[in-house]
Protein chains: 2
Amino acid sequence: MSETGGSPRISTRRIYDGRVIDLDVDTIRFPNGTVGELEMIRHPGASAVVPFLSDPTSEDPQVLLIRQYRYAAEQYLYEVPAGRLDPGEEPIACARRELREETGCEASRVEHLTTIYTTPGFTDERIHLFMAVGLTRGEVAREADEFIEVETMPLSKALDLIERGVIQDGKTAVALLYAAGFRAGR
Amino acid sequence: MSETGGSPRISTRRIYDGRVIDLDVDTIRFPNGTVGELEMIRHPGASAVVPFLSDPTSEDPQVLLIRQYRYAAEQYLYEVPAGRLDPGEEPIACARRELREETGCEASRVEHLTTIYTTPGFTDERIHLFMAVGLTRGEVAREADEFIEVETMPLSKALDLIERGVIQDGKTAVALLYAAGFRAGR
């Protein structure tokens, strides 16, 4: 029997239906034909956005970061604005919405940078990374369990925080390094 | 009652004890004193390593990447060698072990780059990122459910694969961009 093009999934067992994530244990056929079980966290995906407060091609543009309380880390982490896709929501619309909710900013232009699997060993979560330019400030509208402070800094300082290990969030490091290396005219 | 310095965890409920991950639902006290529940994937942590086959300060050094089958993505992804910490294992020892198991290489020197939370909204997983230099080739020893091909390329090509969205794995993008930007003398 040919495996070409078929799904590797033989069966799936839902362990937990959660608020943010679901947990399945799937029985799958590996590329060599052997069969095994894998734990898989199902996640709807997310968008994240690097907000540029000045022209991203200028010498050392200003970016906006948030400091968000993360129970997983038991500390506030520096991050770019980000959040889960609503059902049926386009990634770019999600990026604009999260930017508005978490920072109060609207962007005249939002551009896709790249999309990453956050940790493909155990979850299908993908985060779509964007940059936003032409910002105007409005009202913030955070969720009840979001504890966020907004901070403005030059891109060079944000890169320094990555180099020194102060920025510890994976998506934030990728988004800033990608924007700095490939988009901001450096 | 002062919350200063105390754990935010009020109680924890283990939903699932897995092979790779565990799932807890914790009741926690947020920074503003309100109480809520959070789903938290517990993970022992991991190490990942960028293997340099030539002097990392040279013009365009050669790096070694793996292509690994990821069920979460239903495709082979480009990644740096990586894997979970064994109980009690130091991150740098894990980096050396995974490098040996997945590529057959021993390194004369392994240096810490940075450590990231892969996706702190729902897991405490941290990945310690390293670079390895002075490689000598030996025997590979992969786990039964690892499907891996090894590929050598110039660092400039790896960065191009990030820019074009071909490299989709978060830790791999951070490790390569970090090594290129802050360590490889670019």
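Predicted model: local features only at pLDDT ≥ 70, side-chain atom pairs only at ≥ 80, totals over all residues.
Modeller: Residues are numbered from 1 along each chain as its sequence is written, and chains are lettered from A and ligands numbered from 1 in the order in which they are written.

Colleague: How many helices and strands are there in chain A?

Modeller: Chain A has 3 helices and 10 strands; helices (H or I, at least four residues) and strands (E, at least two) are DSSP runs, numbered from the N terminus. Their order along the sequence is β-β-β-β-β-β-β-α-β-β-β-α-α.

Colleague: Why is Arg42(A) called partly exposed?

Modeller: A residue is buried if 20 or more other C-beta atoms, placed from the backbone, lie within 10 Å of its own, exposed if 12 or fewer, and partly exposed in between. Arg42(A) has 18 C-beta neighbours inside 10 Å and therefore counts as partly exposed. Arg42(A) is in strand E3 (residues 35-42) of chain A.

Colleague: Which residues is Arg42(A) in contact with, leaving aside its neighbours within four places in sequence?

Modeller: They are Ile21(A), Asp22(A), Asp24(A) and Asp124(A), where contact requires C-beta atoms, placed from the backbone, within 7 Å.

Colleague: Why are H2(A) and H3(A) called oblique to each other?

Modeller: The axes of H2 (residues 155-163) and H3 (residues 170-183) of chain A come within 10 Å and cross at roughly 135 degrees. Axes are lines fitted to C-alpha atoms, for helices over the stretch in contact, and angles run from 0 to 180 degrees between N-to-C directions. Angles under 35 degrees count as roughly parallel, over 145 as roughly antiparallel, 65 to 115 as roughly perpendicular and the rest as oblique. H2(A) and H3(A) are therefore oblique to each other.

Colleague: Which residues make the contact?

Modeller: H2(A) contributes Leu155(A), Ala158(A), Leu159(A) and Ile162(A), and H3(A) contributes Ala173(A), Leu176(A), Leu177(A) and Ala180(A). By class, the contact has 8 nonpolar, no polar and no charged residues; Ala, Val, Leu, Ile, Met, Phe, Trp, Tyr, Cys and Pro count as nonpolar, Asp, Glu, Lys and Arg as charged, and the others, Gly among them, as polar.

Colleague: What share of the residues in chain A is buried?

Modeller: Of the 186 residues in chain A, 41% are buried.

Definitions and conventions. Contact = placed C-beta atoms within 7 Å.
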